[in-house]
Amino acid sequence: MTLSPSHLFFWLTVLILGGPVLAGLTGVVAGAMGHVPGLQNAIPAGDVWGAVWSWPGIGRSVTLSFWTGLLAALISLASATLIMAGWSGTLSFARARHWLAPFLAVPHAAAAFGIAVLIAPSGWIARALSPWLSGWERPPDLLILGDPLGLAMVLGLIVKELPFLLLMMIAALPQAKAATSMALVTALGYGCARGWLLAVFPGIYRQIRLPVYAVLAYSMSAVDAALILGPTTPPPIAIVILRWAADPDLSLRALASAGALVQLGLVLVALVLWRLGEIAVAQLGRSLAESGQRGSGRAAEIAAATLAATSGIFLFGGFAVLALWSVAGAWHFPAFLPETLSFRVWASHGAALVETGAATLLLAFAVVALALALALGSLEAKPHRCLLTALVYLPLIVPQVTFLPGLQAASLKIGLGSGALPVGLMHLVFVLPYLLLVLADPFNALDPRYRTIAAGLGLSPARQFWRLRLPLLLTPIAGAVAVGMAVSIGQYLPTLLAGGGRLPTLTTEALALAAGGDRRVIGAYGLAQAAAALAPFALALALPRRVWRNRQGMLHG
Amino acid sequence: MAESLILKTLTISAGATPIVSVSLTAAAGEITTLMGPSGSGKSSILAAITGTVPDGLFATGEILLGGQNIATLPGWKRHIGILYQDDLLFPHLSVGGNLALGLAPGGRRTERQGRVKRALSEVGLEGLAARDPATLSGGQKARVALMRVLLSEPRALLLDEPFGTLDSELRSQIRSLVFNHAKARGLPTLLVTHDPQDAEAAGGPVIRLR
Amino acid sequence: MRLAYTLAAALAAPQASLAANPVDWPSVLSEARGQTVYWNAWGGSEATNAFIGWVGDRVEADYGVSLVHVKLSDTADAVSRVLAERAAGIDEGGAIDLIWINGANFAAMKSEGLLFGPFAENLPNWAFVDGEGKTVTTDFTVPTDGYESPWAMAQVVFMRDTADLPDAPGSAAEILDWATAHPGRFTYPQPPDFLGTTFLKQMLVDLTNDALALAAAPESDAAYEVVTAPLWAYLDALTPHLWRSGRAYPATGPAQLQLIYDNEIDLAISFSPGEATAAISNGLLPDTVRTSVLAKGTIGNASFLAIPYNANAAAGAMVVADFLLSSEAQLRAQDPAILGYGTVLDMAKLPDADRAAFDALDLGIATLSPAELGTAQPEPHPDWMTRIAADWQHRYGAGL
């Protein structure tokens, strides 16, 4: 095989997906052995690990991360499955699909803030019921946010993970030959939902296994949702690691590295457990299928509708409250609506919001343009597809806190400095996998006969790409650009670490201001964050419609 | 332009297992028919000729076109035109855009437009150059697909069950149109079909695969 | 946690050579012109952010220094950055020029040799600083040695909503009595948050019979146990009556404001006497909130600015630090409508006009006058804080 430009892109992609994680992990292992970069004296490795295991509450922190991660992943997967089983193939589902994009776009932090102002004892739900029903004149002293079991945090995770899994399942439908299988089992007299679970789900699950693993790993190590909604006495292990990394006692940074390895081990154990669970469920499914029981599946449809509506209410309700707070003057408990309106926050932050927003979008666009070239180039080359698939999930499954600090040190060492370049490269590590995920299916779904015809017409591979594949894929590419920009906009830790603080984005500014706890400012920045992430989605929907307004074949199917 | 397409023990294998092996000569200006049940390897032979053998399979043997072994060339340098059951017009291009795609690069814009226009009127589709292909009828699409491949001046023509989706009246109409154009240009043409009527209408030699 | 020896071992760290020599101020000024100074400062307070923005406008106009506020959610992020840069061998041209820093972060950076200086006492406006009356040359008892320059005074006050709690509690014991009678109405930021540990220290100072012991590091484990025993007994009694029964705590100081606003709690600690007035005018606190100090007084310290050893614009950073010591900047910082921070200047050293301006300042409805604030109590030695924060984690932060 000759080395074409697309092969160059492919190997660059491999480097970008694999290199940073390996470089980062190397630094973390060194740290865990007591060699903290920059610190003048190394610390004995035994002291480091002894300190980790004797840290107050470490056992509970580990258990908490483990349990909340598994629970969030399980509920997200079960909900997504139920929604697909009860709903896919119906007309309303086809319409509802468009609503997935905004769910995906909203940064985790903004979604978590929205949920917080909704479910807190002083939140909107309590206000709606007070005092006429509850009798509460002041907020009840209830432990809802930061409950010791981490249920509020689990809720925050589900609201974001459910739409991601749904999107992955929808993408898997064609290859799983869902329509054919469904026609078959319905003819055999199975209800829709039950038939879907038995006949279609196994095929779908095989394809979304890696996304599910990514969800599990993310849920166990998420920082944003844990900071805003999670328990603090003690917090989940990811937060403990952050605290160590931020402690004035610089020697605690060694503990942060060791903690990162604990976090990584925890994720690996959970993945093994999950795999065993998969095998058990597959057994159960087979015996159910053999029993031949039929059922109506009405319950599943109702459950699906309820689940979809609930997560929708939490997300959109949360944003409604954030929007209200951003224009609230006086707003005491238990008033349902602000008593007075004030545009002080928008007036004082408006200019900064526009400026930071523009910089954020510009950075995201530059990163996505680069990532798009790499992703399309790699897909054109498509050798070693297994290698690519495995690598795509590497930055998504290895928790961010475990390799980012090591990666920052490595990027400084090779002289990348601070500012837009290192931040852009760091974002690329997380944006590229999503572009590959979103584009792989449409790319492979292109009728291979187009390629044969084009070659027969004498078009060189380059002309085939520019004249045919690129325009044919305009719609999925626009969608992928939007997803990629949303991912870039939502990055917090990578932006902060790589930029040295010199490249503020809406997300870093939002989290810095959130430290002040002013709901009005949080509301304004949360909305700005969401708007920045949603704008590309709106464009992605509108652009193909505009370009292909005279091409029916490009608008349907 | 009177070249023949000659397959010399063209063999498609999966690993060490041969799937199909064939030797034949498709003479210029003649329609050679390849028949066989599904799974007999008809499509793999066409793929070998166009240079698009799928991953996991490989082809050995020679593919001679005008005495030159084109098996070593990349697909896009072989100039093998192909028509499928589906018209496969590019949905993002206009009718004229589809046709112009096959024209060799270069030449003046007005000249290229003129050639597209003449090709359209040749098959009774005058004035449809600006149309969205999705708005054409099935018969119109099939004719555009034919003219698209002919405008690219192929050295041989492959027909992969090209009439399968057309209803019977249209089917014979399009069939004779395609056959006539292929013969008129003196193209060596290989027709793959499982329909005996197609083979009969082709009027050339028939090779049966098992 | 016995890892602090690395810090002690590094006390003899080599100091960076001075790129800009603060002794030669005119050359500092000319070097600073045209420089961009990246000031890493906590970004959680809108009032502070606006003040920093104003400082930027002023130093641009007067000195040609452009100032960029890098908003941090945690000062330790800046410390990490400098550490990572040194690890990568970036000993000049670093990303950070100026850090708003305090206490433990300063102690760590100083002992690791990560700071530029000494420079503070060479700043021209140092002449007006109240070096004798205010704790501006030690930071949590650690001598600053000119490695950081003060810019505001802070002192512990308690904010209470007078609609629910009319009479200010005057001691730790009175806080406990009130909290016991009104369960769920008091809390404090969760240690190791800066303000949370400040609350623990304040209670220790108020409860102890041995104030002298706190001025130096604990003599022995036994001494530590004896001195802190009253604090733990106090917290054991208090915790069940805290907000959320002590099973959750607000993350930061400002998070408490929201709890008062929502009428969840009625009493909270603050390290800024002017914070309540500023928060009322910004709509973050109800206007029924007032502040008070304890009968025996409260802890006070200064906020400082430090320059990393590898700063790219050390000259510009010194110009900013010097400007913050000017009467103009100090007056603005003390204005409760702007910031409400106490000044570090000595009124007796100021020209008459400047002194008159300070006298004319209206401190606002919830700010105590300097006389009411009284003399600030000294901070305990940082070792006390480190151990108390770790013990708190064991006793109250690790789950029930």
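What radius of gyration does chain B have, and what would a compact globule with 210 residues have?

Author: Keep in mind that this is a predicted model. Chain B has a radius of gyration of 17 Å. A compact globule with 210 residues would come out near 17 Å, so the two agree. The C-alpha trace of chain B spans about 50 × 40 × 30 Å along its principal axes. Of its 210 residues, 41% count as buried. Take the contacts in chain B with a separation of 6 or more: 72% of them involve residues 24 or more positions apart.

Six helices and nine strands make up the secondary structure of chain B. Start with strand β1 of chain B, residues 5-14. It runs antiparallel to strand β2 of chain B, residues 17-26, and eight bridges join the two. Within this pairing, B:Ile12 has B:Val20 as its bridge partner in β2(B). β1(B) and β2(B) form a hairpin with two residues between the strands. There, B:Gly15 takes a positive phi near 65°. β1(B) also pairs with strand β4 of chain B, residues 57-65. That pairing is antiparallel too, with eight bridges. One pair to find is B:Lys8, whose bridge partner in β4(B) is B:Glu62.

Now the neighbours. Chain B does not touch chain C, and their nearest C-alpha atoms are 47 Å apart. Two pairs of chains touch, and chains A and C have the most contacts. Here 59 residues of chain C are in contact with 54 residues of chain A. On the side of chain C that touches chain A, the elements giving two or more residues include α1 (5-9), β1 (36-42), β2 (66-72) and α15 (382-396) of chain C. α4(C) gives the most to that side, with nine residues. By class, this side of chain C has 29 nonpolar, 18 polar and 12 charged residues.

Next, chain A itself. It is divided into domain 1 (1-21 + 346-549) and domain 2 (55-324). The centres of these domains of chain A, taken over C-alpha atoms, are separated by 24 Å. In chain A, 29 residues of domain 1 are in contact with 32 residues of domain 2. α24(A) gives the most to the domain 1 side, with 10 residues. That side of domain 1 of chain A has 21 nonpolar, six polar and two charged residues.

Then the largest nonpolar core, which has 367 residues. A:Leu165, A:Leu432, C:Val319 and C:Val320 are those with the most contacts inside this core. Helix α8 of chain A, residues 151-172, gives the most to it, with 16 residues. Look at A:Leu432. Leaving aside residues up to four places away in sequence, A:Leu432 touches A:Thr13, A:Ile16, A:Leu17, A:Ala371, A:Leu374 and A:Ala375.

Finally, one residue of chain C. C:Ala356 lies in helix α13 of chain C, residues 352-360. C:Ala356 is exposed because 10 other C-beta atoms lie within 10 Å, and the cut-off for exposed is 12 or fewer. C:Val82 is 274 residues from C:Ala356 along the chain, and their C-alpha atoms are separated by 42 Å.

How values were computed:
Residues numbered from 1 in each chain as written. Chains lettered and ligands numbered in written order. Predicted model: local features only at pLDDT ≥ 70, side-chain atom pairs only at ≥ 80, totals over all residues. Helix = DSSP H or I, 4+ residues; strand = E, 2+ residues; numbered from the N terminus. Buried ≥ 20, exposed ≤ 12 C-beta atoms within 10 Å, placed from the backbone. Contact = placed C-beta atoms within 7 Å. Nonpolar A, V, L, I, M, F, W, Y, C, P; charged D, E, K, R; others polar. Rg over C-alpha atoms; globule rule 2.2 N^0.38 Å. Domains from an automatic or database assignment. Core = buried A, V, L, I, M, F, W, Y, C linked by C-beta atoms within 7 Å. Pairing = 2+ DSSP bridges.
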